[in-house]
Amino acid sequence: MEGEPVNVNEFQELARQALPKIYYDYYSGGAEDEYTLKQNVEAFQGITIRPRILVDISRIDLSTTVLGYKISAPILIAPSAKHKWAHPEGEVATARAAAACDTIMILSYRSTCTIEEVASSCNAVRFFQCYVYKRRDISANLVQRAERCGYKAIVLTVDSPRLGRREKDIKNKMVNPQLKNFEGLVSTQVSTDDGSNIEAFDANTAFDASLSWKDIGWLRSITNLPVLLKGVLTHEDAIKAVEVGVDGIVVSNHGARQLDYVPPSISVLEEVVDAVKGKVPVLFDGGIRRGTDVFKALALGAQAVLIGRPAVYGLAAKGEYGVKSVIEMLRDELELTMALSGCPTLNHISRKHVRTKHERPRSML
């Protein structure tokens, strides 16, 4: 590719060229047939924008708050694993890019830099993502280390009682790196002679398959930090999440890496937002590749969006500068979309600014 990339999709191609196939497949791949993986991106094409004209857009303000923390634009870094596979500086480079863009990074529990290393790399607001294990002391250790290091919220992933079947990793005989956050807690070296050891690792660290709604109370009891649930896709679960007292919801299908043939995240966002009725913030994760995608998610009720793969592609292509460039590209595209749609602030973006695939034009209603 000649010249600098001009959109996020071009960063993906640069990442494909830069990475060994086994690593690129890990980042880009999904579960089984990868139907939902494709739909996560393509579903945005079924949503059109209804711009308003003759609005004063001489000043555009993209700033917002998440859990009371002000950020420059409604674009956060989603938790994703093993950034050192993409770049030698790993999550530290990603964290610095997020800080430079005045936004929030959610650090994955499976980071290749430790909770402490990322915390000391720069001064910024960041959240920590975790799971609950059968050995609750492992979860408690990670959560409490994050709290001591100044992380501002815990993002509990709840869509993974078991690991999804990621066939590219199996074919590639993917072998996990040592994960430094777990040193001294469990064996961080797993060997297997048959296929990927990704699944073997998770079996060894023992996700708690009995995890249920009552266990949210346990998590809240071991930390003073707000707790968000990541992986909500239905009206029913959104209502239940509010009932058990979570502080926020992330609409997400895990980047289509868990259960294939679930709906694309954007198609269920409004369902979750309607269920929550404004009681807690709803964030969105899945398929964001353009500023117009961000705009559509905000119009359907999200307070902010998360980007996972785009950040990793930027990291693989150009390190910290690449991550920063990806965030800035999406931010600039969002600003232009807002201007051309007649929305000088995020508060001006409403449900009336988009039409979903099966809606009739308003003149016909």
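Mentor: A disulfide is a pair of cysteine sulfur atoms within 2.5 Å. By that test the whole structure has 0 disulfides. Cys113 is buried, at 2% relative accessibility; buried means under 20% relative accessible area, with a 1.4 Å probe and protein chains only. Cys343 is buried too, at 0%.

Two notes on the source. The model is predicted, so local features need pLDDT of at least 70 and side-chain atom pairs pLDDT 80 or more, while totals for chains, interfaces and linings use all residues. Residues are numbered from 1 along each chain as its sequence is written, and side-chain values use heavy atoms, without hydrogens or water.

Now the site. An unreviewed UniProt entry places "binding site" at Tyr26, Tyr131, Arg166, His254 and Arg257; such annotations may be inferred rather than shown by experiment, and their positions follow the numbering used here.

Take Tyr131. Its loop runs between strand S6 (126-130) and helix H6 (136-148); strands (E, at least two residues) and helices (H or I, at least four) are DSSP runs numbered from the N terminus. Tyr131 counts as buried because its relative accessible area is 8%. Beyond neighbours within four places in sequence, Tyr131 is in contact (heavy atoms within 4.5 Å) with Tyr109, Ser139, Leu156, Thr157, Ser160, Phe207 and His254.

Arg166 sits in the loop between strand S7 (154-157) and helix H7 (167-171). Arg166 is buried as well, at 9%. Outside four places in sequence, its contacts are Gly30, His254, Arg257 and Gln258. His254 therefore touches both Tyr131 and Arg166.

Next, the strands. S6 and S7 pair in the parallel sense over 3 bridges; pairing needs at least two DSSP bridges. Phe128 stands opposite Ile154 in S7. From S6 the chain crosses through H6 to S7, a right-handed β-α-β crossover: with the strands pointing away from the viewer, the path from the first strand over the helix to the second runs clockwise. S7 also pairs in the parallel sense with S8 (227-232), over 4 bridges. There, Val227 is the bridge partner of Ile154. Within S7, Ile154 and Leu156 point one way, Val155 and Thr157 the other, and all are buried.

Definitions and conventions: Buried means under 20% relative accessible area, exposed over 50%, partly exposed in between (1.4 Å probe, protein chains only).
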